[in-house]
Amino acid sequence: MSVTGSEAQRRKAGRAGRFGFGCFFAVFLLIGLGVSIPFAIIPLMNAFGSGSWIKTPCTILESRVDESRSDGSSTYAVKVRYTYTFRGRTHESERYSFLSNVYSSGRSGKEEVVARLKPRTQTTCYVNPRDPAFAVLDKELGPEYLIGLVPLAFVLVGA
(Lines give C-alpha, C1' and ligand atoms only; values in the text may rest on other atoms or scores of the structure.)
Protein backbone atom coordinates (compact mmCIF):
# COMPACT_ATOMS: atom_id res chain seq x y z
CA MET A 1 0.00 0.00 0.00
CA SER A 2 1.53 3.29 -1.02
CA VAL A 3 0.96 6.68 0.47
CA THR A 4 -0.38 9.23 -1.95
CA GLY A 5 1.16 12.70 -2.24
CA SER A 6 -1.84 14.46 -0.68
CA GLU A 7 -1.90 12.06 2.29
CA ALA A 8 1.84 12.60 2.90
CA GLN A 9 1.30 16.35 2.72
CA ARG A 10 -1.54 16.11 5.29
CA ARG A 11 0.69 14.14 7.67
CA LYS A 12 3.52 16.66 7.23
CA ALA A 13 1.12 19.57 7.83
CA GLY A 14 -0.23 17.81 10.93
CA ARG A 15 3.30 17.41 12.35
CA ALA A 16 4.07 21.07 11.60
CA GLY A 17 0.82 22.13 13.28
CA ARG A 18 1.60 20.08 16.39
CA PHE A 19 5.10 21.54 16.47
CA GLY A 20 3.73 25.11 16.23
CA PHE A 21 1.12 24.33 18.86
CA GLY A 22 3.86 22.88 21.11
CA CYS A 23 6.04 25.97 20.64
CA PHE A 24 3.13 28.24 21.51
CA PHE A 25 2.54 26.44 24.82
CA ALA A 26 6.28 26.14 25.50
CA VAL A 27 6.42 29.96 25.58
CA PHE A 28 3.77 29.96 28.34
CA LEU A 29 5.71 27.31 30.24
CA LEU A 30 9.01 29.20 30.01
CA ILE A 31 7.48 32.53 31.00
CA GLY A 32 5.64 30.89 33.89
CA LEU A 33 8.77 29.17 35.15
CA GLY A 34 10.89 32.29 34.69
CA VAL A 35 8.54 34.36 36.83
CA SER A 36 7.62 31.57 39.28
CA ILE A 37 11.20 30.96 40.34
CA PRO A 38 11.84 34.38 41.96
CA PHE A 39 8.23 35.14 43.00
CA ALA A 40 6.99 31.75 44.19
CA ILE A 41 9.45 28.88 44.29
CA ILE A 42 12.47 30.51 45.98
CA PRO A 43 10.45 32.51 48.56
CA LEU A 44 8.37 29.45 49.46
CA MET A 45 11.46 27.25 49.73
CA ASN A 46 13.05 29.82 52.05
CA ALA A 47 9.86 30.15 54.11
CA PHE A 48 9.45 26.40 54.54
CA GLY A 49 13.18 25.94 55.23
CA SER A 50 13.36 28.74 57.78
CA GLY A 51 12.24 26.60 60.71
CA SER A 52 15.88 26.06 61.71
CA TRP A 53 16.88 29.70 61.29
CA ILE A 54 18.30 31.35 64.39
CA LYS A 55 16.28 34.01 66.20
CA THR A 56 18.74 36.91 66.56
CA PRO A 57 18.50 40.41 68.10
CA CYS A 58 18.74 43.21 65.57
CA THR A 59 18.54 46.99 65.45
CA ILE A 60 16.49 48.91 62.91
CA LEU A 61 18.52 51.54 61.08
CA GLU A 62 15.76 52.91 58.85
CA SER A 63 12.28 52.02 57.67
CA ARG A 64 9.71 53.47 55.32
CA VAL A 65 6.82 52.64 53.06
CA ASP A 66 7.90 52.74 49.42
CA GLU A 67 5.36 53.60 46.73
CA SER A 68 5.25 52.56 43.10
CA ARG A 69 2.84 54.36 40.76
CA SER A 70 1.62 52.91 37.50
CA ASP A 71 -1.42 53.62 35.35
CA GLY A 72 -2.99 55.90 37.95
CA SER A 73 -2.78 53.46 40.85
CA SER A 74 -0.22 52.88 43.57
CA THR A 75 1.25 49.82 45.23
CA TYR A 76 3.43 49.72 48.33
CA ALA A 77 6.24 47.81 49.99
CA VAL A 78 7.95 47.88 53.38
CA LYS A 79 11.55 49.03 53.01
CA VAL A 80 13.72 48.48 56.04
CA ARG A 81 17.43 48.33 56.85
CA TYR A 82 18.77 46.71 60.01
CA THR A 83 21.93 45.38 61.56
CA TYR A 84 22.58 42.21 63.55
CA THR A 85 25.52 40.25 64.92
CA PHE A 86 25.75 36.54 64.23
CA ARG A 87 28.66 34.34 65.27
CA GLY A 88 30.75 37.38 66.10
CA ARG A 89 30.27 39.11 62.74
CA THR A 90 28.09 42.15 62.15
CA HIS A 91 25.73 42.00 59.17
CA GLU A 92 23.29 44.40 57.59
CA SER A 93 20.13 43.41 55.74
CA GLU A 94 17.26 45.08 53.90
CA ARG A 95 15.05 42.02 53.75
CA TYR A 96 11.74 42.40 55.58
CA SER A 97 10.27 39.12 54.34
CA PHE A 98 11.03 36.55 51.67
CA LEU A 99 9.03 38.73 49.25
CA SER A 100 10.69 42.02 50.13
CA ASN A 101 10.66 43.40 46.59
CA VAL A 102 7.00 42.69 45.92
CA TYR A 103 4.69 45.70 45.93
CA SER A 104 1.00 45.32 46.73
CA SER A 105 -2.02 47.38 47.72
CA GLY A 106 -2.73 48.21 51.33
CA ARG A 107 -0.65 51.18 52.38
CA SER A 108 -2.09 51.25 55.91
CA GLY A 109 -0.89 47.73 56.68
CA LYS A 110 2.61 48.62 55.59
CA GLU A 111 2.50 51.85 57.61
CA GLU A 112 1.64 49.78 60.70
CA VAL A 113 4.71 47.62 60.11
CA VAL A 114 6.94 50.67 59.65
CA ALA A 115 5.51 52.25 62.82
CA ARG A 116 6.67 49.18 64.78
CA LEU A 117 10.11 49.29 63.12
CA LYS A 118 11.26 52.83 63.87
CA PRO A 119 15.00 53.56 63.71
CA ARG A 120 16.94 52.39 66.80
CA THR A 121 14.18 49.89 67.66
CA GLN A 122 15.49 46.59 69.00
CA THR A 123 13.66 43.63 67.48
CA THR A 124 14.26 40.07 66.33
CA CYS A 125 15.37 38.83 62.94
CA TYR A 126 15.80 35.27 61.73
CA VAL A 127 19.21 34.33 60.35
CA ASN A 128 19.97 31.46 58.01
CA PRO A 129 22.77 29.59 59.83
CA ARG A 130 24.15 28.27 56.52
CA ASP A 131 24.28 31.80 55.07
CA PRO A 132 24.49 34.34 57.92
CA ALA A 133 24.22 37.26 55.47
CA PHE A 134 20.64 36.12 54.73
CA ALA A 135 18.16 37.29 57.36
CA VAL A 136 14.51 38.34 57.49
CA LEU A 137 12.37 40.14 60.01
CA ASP A 138 9.12 38.36 59.09
CA LYS A 139 9.29 34.73 58.01
CA GLU A 140 5.54 34.08 58.12
CA LEU A 141 3.56 33.28 54.98
CA GLY A 142 1.03 36.04 54.35
CA PRO A 143 -1.55 36.78 51.67
CA GLU A 144 1.10 38.51 49.53
CA TYR A 145 2.50 35.06 48.71
CA LEU A 146 -0.63 34.41 46.66
CA ILE A 147 0.96 36.54 43.92
CA GLY A 148 3.08 33.48 43.19
CA LEU A 149 -0.02 31.69 41.92
CA VAL A 150 -0.26 33.99 38.89
CA PRO A 151 2.87 32.73 37.11
CA LEU A 152 2.02 29.17 38.15
CA ALA A 153 -1.12 29.50 36.01
CA PHE A 154 1.19 30.12 33.02
CA VAL A 155 3.15 26.97 33.93
CA LEU A 156 -0.06 24.93 34.00
CA VAL A 157 -1.22 26.30 30.64
CA GLY A 158 2.21 25.65 29.15
CA ALA A 159 2.47 22.14 30.55
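How much space lies in the second largest pocket? I opened my notes with this point and found about 260 Å³. The model I consulted is a predicted one.

**Entry 1: the pocket**

I looked up which residues line this second largest pocket. There are 14 of them, and those closest to its centre are P38, F98, L99, S100 and N101. I then asked which element gives the largest share of the lining. Helix α1, which covers residues 5–49, supplies that share with five residues. Sorted by class, the lining of the second largest pocket holds eight nonpolar residues, four polar ones and two charged ones. As background I noted that rolling a probe the size of a water molecule over the atoms shows where empty space is left.

**Entry 2: the sheet**

I turned next to the strands. In what order do the five strands of the open sheet stand? I read the order as β3-β2-β1-β4-β5, with antiparallel pairing. At the edges I found β3 (89–93) and β5 (131–136), each of which pairs on one side only. From one strand to the next, the twist averages 40°.

Helix α2, residues 107–116, does so, and it touches both β1 (54–70) and β2 (73–86). The direction of α2 makes about 150° with that of β1.

**Entry 3: the pair β4 and β5**

Over how many bridges do β4 and β5 pair? Strand β4 spans residues 122–128, and I counted three bridges to β5, in the antiparallel sense. Within this part of the model, I recorded that N128 stands opposite D131, a residue of β5.

**Entry 4: two residues with positive phi**

I looked up the backbone angles last. Most residues other than glycine have a negative phi. Against that background I noted D71, which is not a glycine and yet has a positive phi of about 50°. I located D71 in the loop between β1 and β2. Is D71 buried or exposed? Its relative accessibility is 81%, and since exposed means over 50%, D71 counts as exposed.

R120 is also not a glycine, and I found for R120 a positive phi of about 75°. Where does R120 lie? I placed R120 in the loop between α2 and β4. With a relative accessible area of 71%, R120 is exposed.

Technical notes
Residues numbered from 1 in each chain as written. Predicted model: local features only at pLDDT ≥ 70, side-chain atom pairs only at ≥ 80, totals over all residues. Heavy atoms only, no water. Pairing = 2+ DSSP bridges. Helix = DSSP H or I, 4+ residues; strand = E, 2+ residues; numbered from the N terminus. Axes fitted to C-alpha atoms, helices over the stretch in contact; angles between N-to-C directions. Contact = heavy atoms within 4.5 Å. 1 Å grid on protein atoms, 1.4 Å probe; cavity = no way out; pocket = protein on both sides within 12 Å on 5 of 7 lines; lining within 4 Å. Points joined across faces, edges and corners; volume = space filled by probe spheres on them. Nonpolar A, V, L, I, M, F, W, Y, C, P; charged D, E, K, R; others polar. Buried < 20%, exposed > 50% of the residue type's maximum accessible area, 1.4 Å probe, protein only.
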